[in-house]
Amino acid sequence: MTGRLVRSGLALFLAISMAAGAPVYAQDQTQGQTSNQAQASSESPSPDQARNLKAQTGPDYSRPKSGFPNIIAPYTGIHIDAPALTNSPRVDQLIHEGKLMLSLDDAISLALENNLDISVQRYVPWISETDILRTRAGGAPRGTSGVGTAGVLGNIPQTTYDPILTSSFNWSRTHFPVNNPITSGTGTGQPTLGSLTAYSQNANFGVSQGFHTGTGIAVFIDNARNSSSSAFQFFNPAVQSTVSFQVQQQLLNGFGLLPNTRFILESKNNRKIADSTFAQQVILTVTNVANFYWEVVFARENVKVQQAALATSQKLYEDNKKQVEIGTLAPIEIVRAESEVATDRQNLIVAQTTQMQEQTLLLNAITKNPLANGLLDVEVVPTAEVSKLPTIDVIPLQDAVKEAWSRRPELAQSALTLKNDNIEVRGTRNALLPTLTAFGQYSGTGLAGNHLTTTLPPVLQTSGIGDALGTAFGTDFPTYAAGFNFTMAIRNRSAQADNARALLTERQDETKYRQLQNQILVDVRNAQIALQQDQARVEAAMKARELAQQTLDAEAKKYQLGASTVFFVIQAQRDLTTARGNEIRALADLQEARVNYDKALGRTLDVNHITVADAMGAGAYHPPLIPGTPSADLIAAPVNGKF
């Protein structure tokens, strides 16, 4: 009796242990097998060629809620704060007397804190983490907007890696008439119209668990208590317990680690793609903000040029007006001077309009709410000035392209997509096989209750559920079963289509990868050309402005001596205004060309000392105190296009 109770207790402990411990085991197993599976995929980028950019900050949505110490935590929802759609405090701190004083670092910092494009993209890595959590439980990924996924192809037997606990409890009472008292067991002593009353209570429990090898294990404990008004039963009431241990293993379709963990591997790659996509958005936003910033700088300087031109033409008009009044100048000259004043005033209005438009673009890029109090009439005042830049080294095209291939997030995303494609090809190849499942089962049955006779064998002289379970876990009444289940689709067209689709997608993405490499080469070359041309433009524009200034000075002296006319003075003044505008335009374009060159080579984050993890934190960016502070590595694409 004691031995049976011990065995019963051990069995219950085993079932509880599976329910409590198997999730941890399953997840640890996944983590330990990832490297082996990655190593098996020889066609995919190696770890050295695909460095991981982890943009993780805040909660890790790939991990479930712990059931300790709060056992109901896994069955409760989570709380996610509503998005902050108000401007960061730094915006108000930089406003002084109606002017938003901005350095380029300030503009980039505000963009990282407030830019809505970054805020939207910040959710994508977190959403992709939910797919990791889902696939670790054995489900198929949901997919993430903006993150490529190979899709769900191949009919592979699915299982859950989270233990499933099932239980059922029921009670019933049945009172029914008996037509044959002999066969029903009521006996002939019953009334003429015999009847029988039966009571039944059932309490059943089960735990099932799947593993990454295509193995499934299940334990079931079924308990039934029955009693009736029949006098012809050994036990009344009777307790019957059945304990079953079942194991099954896929031998063809669904055999091995890759077919059963492919969704986990793909979701982890999609998480890396999401990180890289976020990095790409940060690079794009920083580049746009820098270009907007230099456009505002140009617009303000151009307003100053137009103001100076208007002031000069206004002075010429006033001087001519005085000379006409004293009779030393023909009246037509004052008309010409007045016409030039009107033209310069019109040019000033256009320049001021352009300045307001560029301010609007910059404010929209660095704030969440451009209509917030204090921003409606604020004037953006860049603290940086365009000036002649030192010569920027342009590395040889071959070296620049190689650097861009190793840094650009787009190529990293394409490489990870190819890894997922290869996993899908291998998974759908396994799904071509028929399904062959080997299974084994052992069960024991115990019977106990209040016996009606004392002449029963000793093994049946029991009294309750403890004895019934003890007998069930023993070997008194065993049942053994084993066998195979075989399923094969005739013609197998669906599996063939899935495998062909996976292969075609892989070949298509390989072509896209080369296409992207070529596009990056074009981007780098165009950025180099623009940078070199703008450097030459700055030198030419500065020289032209100096010559235009000298020409105007000479023409003004000739006019004072009576050797020139107002027409030539106005023409020289226009030429100087144009030359000044061209100079600041060339200087601003050179600044923007440098920004775009950094983007083409994938240097934007390093140049601006930005880590993507900080960008994920929304407002953690601060200009470094020590030059050369390293930033987070971007995911590198395969070198020279080789995997």
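This is a predicted model: local features need pLDDT of at least 70, side-chain atom pairs count only at pLDDT 80 or more; totals for chains, interfaces and linings use all residues.
Modeller: Contact means heavy atoms within 4.5 Å. Residues are numbered from 1 along each chain as its sequence is written, and side-chain values use heavy atoms, with hydrogens and water left out.

Biologist: Leaving aside neighbours within four places in sequence, with which residues is Q323 in contact?

Modeller: Q323 belongs to helix α6, a helix being a DSSP run of H or I with at least four residues, numbered from the N terminus. Once neighbours within four places in sequence are set aside, the contacts of Q323 are T328, L329 and Y559.

Biologist: Is α4 roughly parallel or roughly antiparallel to α6?

Modeller: The axes of α4 (residues 116-136) and α6 (residues 257-326) come within 8 Å and cross at roughly 175°. Axes are lines fitted to C-alpha atoms, for helices over the stretch in contact, with angles from 0 to 180 degrees between N-to-C directions. Angles over 145 degrees count as roughly antiparallel and those under 35 as roughly parallel. The crossing therefore makes α4, relative to α6, roughly antiparallel.

Biologist: How many residues apart are R408 and D523, which meet in a salt bridge?

Modeller: A salt bridge is a side-chain nitrogen of Lys or Arg within 4 Å of a carboxyl oxygen of Asp or Glu, and here the N to O distance is 3.3 Å. R408 counts as buried because its relative accessibility is 6%, whereas D523 is partly exposed at 26%. The pair links distant parts of the chain, with R408 in the loop between α8 (397-407) and α9 (409-431) and D523 in helix α11 (residues 493-560), and the separation is 115 residues.

Biologist: Which residue forms a salt bridge with D534, the closest N and O atoms being 3.0 Å apart?

Modeller: D534 is buried because its relative accessible area is 9%. With the closest N and O atoms 3.0 Å apart, D534 pairs with R537.

Biologist: How many salt bridges does a search of the whole structure find?

Modeller: Some are linked in a network that joins E295, D534, R537, R585, D589 and E592. Another is formed by K315 and D319, with the closest N and O atoms 3.1 Å apart. Searching the whole structure, the number of salt bridges is 22.

How values were computed
Helices (H or I, at least four residues) and strands (E, at least two) are DSSP runs, numbered from the N terminus. Angles under 35 degrees count as roughly parallel, over 145 as roughly antiparallel, 65 to 115 as roughly perpendicular and the rest as oblique. Buried means under 20% relative accessible area, exposed over 50%, partly exposed in between (1.4 Å probe, protein chains only).
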